[in-house]
Amino acid sequence: MTYWTVAHHGPEAVPDLRAQLIDVHVDARSDLLDQDFYTAERFAQRLDAYVKDPTFALVTMTVDQVLVGYAFGGTLSASTRWWKGLRDATDPDLTRETGTRTFAFRELLVRKAHQRRGYAHALHDKLLAGRPEERATLLVRRDNPARELYLRWGWKVVGKVQPFPDSPVFDSMVLDLGIFRRRTD
Ligand SMILES: CC(C)(COP(=O)(O)OP(=O)(O)OC[C@H]1O[C@@H](n2cnc3c(N)ncnc32)[C@H](O)[C@@H]1OP(=O)(O)O)[C@@H](O)C(=O)NCCC(=O)NCCS
């Protein structure tokens, strides 16, 4: 019988999990590792930077004691650079940040051998349900099949952005976190 567990963690848990988190990236994104932005080293650098944020929140999925997937993010600060360079946005209120308004949904990864079992959807909902922010935001490549999943899960495309000089141009998406609150009303 498959035995799986989902667990919430703060930044203090990451030193012990770091090697496994990087392994999952290498496995899930094996087709992208030849691009500088997606190498294990660049991924680890970004992870280390995100973990310095005290609002960092991680949810892991473990199956038969192997970490098979995870999602993480953090609350955007009032002075965040998240929206810098955003193109094609129409709502003037979109980029207003208060320090409590928006959760940045930064990563969602599942090992290839464990995909298409609903684990990503479960991780997504576990990380976002119960968040105090009004909304969440994420970046996704236009050619990533995950983009279709996010659209099905209620996310809306709000513009385009290139956050790092060596990164692709991403679609910027927003999810109203009220959908989780309404579900439990
Ligand atoms: C994107 C990613 C996280 C999805 O992981 P996953 O665990 O396969 O996703 P899920 O199984 O939760 O859902 C994917 C879809 O697979 C299908 N699915 C789920 N279980 C299924 C099953 N048992 N049989 C057939 N299809 C199934 C469903 O269509 C589901 O969509 P739905 O939740 O709307 O019904 C994974 O492909 C990945 O790690 N990709 C590389 C990293 C990446 O691009 N991450 C996104 C960054 S923005």
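Reader: Does α1 pass α2 in a left-handed or a right-handed crossing?

Author: A crossing is left-handed if the near helix is turned anticlockwise from the far one by less than a right angle, and right-handed if clockwise. Here α1 passes α2 in a right-handed crossing. Keep in mind that this is a predicted model, where local features need pLDDT of at least 70, side-chain atom pairs count only at pLDDT 80 or more, and totals for chains, interfaces and linings use all residues. Residues are numbered from 1 along each chain as its sequence is written, and side-chain values use heavy atoms, leaving out hydrogens and water.

Reader: Okay, which residues make the contact?

Author: Contact means heavy atoms within 4.5 Å. On α1, look for Val 14, Arg 18, Leu 21, Ile 22, His 25 and Val 26. Their partners on α2 are Ala 40, Phe 43, Ala 44, Leu 47, Asp 48 and Val 51.

Reader: And which residues are closest to the ligand?

Author: A residue is near a molecule if one of its heavy atoms lies within 4 Å of it. In this model 20 residues surround the ligand, and the closest are Leu 108, Arg 116, Gly 118, Asn 144 and Arg 152.

Reader: How far is the side chain of Arg 152 from an oxygen atom of the ligand?

Author: A polar contact is a pair of N or O atoms within 3.5 Å. For Arg 152, a side-chain N or O atom is 2.7 Å from a ligand oxygen atom.

Methods: Helices (H or I, at least four residues) and strands (E, at least two) are DSSP runs, numbered from the N terminus. A polar contact is a pair of N or O atoms within 3.5 Å; within protein, one must be able to donate a hydrogen and the other to accept it, and residues adjacent in sequence count only if both atoms are side-chain atoms.
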